[in-house]
Amino acid sequence: MQSKDTKYRLLSVMVQVPRKSLTEIPASIKANQTTNERRNEVIEAKVFIKENIYRTRYKQPDLKISFETHYKNKCAYCEQYVERWDIEHYRPVSKYYWLAYSWDNLIFACPTCNQDSKKEQFEIQNATQVIYDSKDLSNIHNLCSKYNQQEKPKLFHPEFDQPEEFLSFDAKGNIYSENIRGKYTIKTCGLNREKLSTRRKELVVDDFIKKLDDIIFITHEDIEKCLIEIDKLINDFAKESKNQKKEFLAFRRYLLKNIFPQIIIQKMNK
Ligand SMILES: [Zn+2]
């Protein structure tokens, strides 16, 4: 069966998690007396205090709803749906203790990316490292953004950066990068862990190929019908790749642009 190679050269779309608005900071961390007290105690101790009264600030109902809604219940690093989740500190509290309750330093992540992989890792590329300055307290929820102008973090911030530009994948669900920040983020968050790569492949690639095989099998004597059905398949997949509620958006968009066109052509030329 013949096809036109150019037909499936599709455009890619960049994805990043939209930035959380400073106007929507949950009351439990914005102006809450208890949170302010805990923050002051942490600043005084010059270290994040690992006791429940400090951790329970992350379990407030308004914070929970805000993060689940904003991140569509997906981990910001691996893009999987999460049942159990953590409030992850982009800049770790082991060093940046004063950012323990800072809105733009908080990220929604799964325990595997956060506790098993990233932990307290946070390397910067330049020599500048910020230190605590009490003058910054009035701007506490926007400090991560300010610091990114001074320090050059290796880790992508899912709200400030466009990681997708620097990532590539293969059809087995493995992820790669030639970029220093891309490499660091993949390694630090364990984004090539076997279970995750397999899940990416099974959920997205295997499902697409099965549908494609079915179309080719059913329409094998009618090329016009076959092309129409493949167009529909591609359009549906492209639509899903823009749906913020779907898992693995970066992977889906990469496949659409770089891998599926070849697979379609190979299968149709058989
Ligand atoms: Zn994760």
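This note walks through the predicted model point by point.

1. Ground rules. This is a predicted model, in which local features need pLDDT of at least 70 and side-chain atom pairs count only at pLDDT 80 or more, while totals for chains, interfaces and linings use all residues. Residue numbers start from 1 along each chain as its sequence is written.

2. Overall make-up. The protein has ten helices and four strands. Both are DSSP runs numbered from the N terminus: helices are H or I with at least four residues, strands are E with at least two. Their order along the sequence is α-α-α-α-β-β-α-α-β-β-α-α-α-α. The C-alpha trace spans about 75 × 40 × 30 Å along its principal axes.

3. Of the 270 residues, 31% are buried. Buried means 20 or more other C-beta atoms within 10 Å of the residue's own; exposed means 12 or fewer; partly exposed lies in between, with C-beta atoms placed from the backbone. Two residues are in contact if their C-beta atoms, placed from the backbone, lie within 7 Å. Among contacts with a separation of 6 or more, 71% join residues 24 or more positions apart.

4. Two domains. Domain 1 covers 5-9 + 193-268, and domain 2 covers 22-153. These bounds come from an automatic or database domain assignment. The domain centres, taken over C-alpha atoms, are 38 Å apart. Seven residues of domain 1 are in contact with six residues of domain 2. On the domain 1 side, four of these are nonpolar, one is polar and two are charged. Here Ala, Val, Leu, Ile, Met, Phe, Trp, Tyr, Cys and Pro count as nonpolar, Asp, Glu, Lys and Arg as charged, and the others, Gly among them, as polar.

5. Helix α8. This helix runs over residues 194-218. Its 25 residues should span 36 Å at 1.5 Å a residue, and the end C-alpha atoms are 34 Å apart, which agrees. The expected span is 1.5 Å times one less than the number of residues. α8 bends by about 35° at glutamate 202. That bend is the angle between axes fitted to the seven residues ending there and the seven starting there. Buried residues in α8 are Leu196, Arg200, Val204, Val205, Phe208, Leu212 and Ile215. They pack against α9 (223-240) and α10 (249-268).

6. Strands β1 and β2. The two pair in the antiparallel sense over four bridges. Pairing requires at least two DSSP bridges between the strands. Aspartate 86 has alanine 109 of β2 as its bridge partner. In a regular strand, side chains alternate between the two faces of the sheet. β2 is covered on both faces: Leu106 and Phe108 are buried on one side, Ile107 and Ala109 on the other.

7. Tryptophan 103. This residue sits in the loop between β1 (86-89) and β2 (106-109). Tryptophan 103 counts as buried because 22 other C-beta atoms lie within 10 Å. Beyond residues up to four places away in sequence, tryptophan 103 touches Lys20, Leu22, Ile25, Ile29 and His141.

8. Glutamine 162. The loop between α6 (143-150) and β3 (168-169) holds this residue. Glutamine 162 is partly exposed, with 13 other C-beta atoms within 10 Å. Glutamine 16 is 146 residues away along the chain, yet the two C-alpha atoms are separated by 5.4 Å.

9. Serine 168. This residue is in strand β3. Serine 168 is partly exposed, with 15 C-beta neighbours inside 10 Å. Leaving aside neighbours within four places in sequence, serine 168 is in contact with Tyr176, Ser177 and Tyr254.
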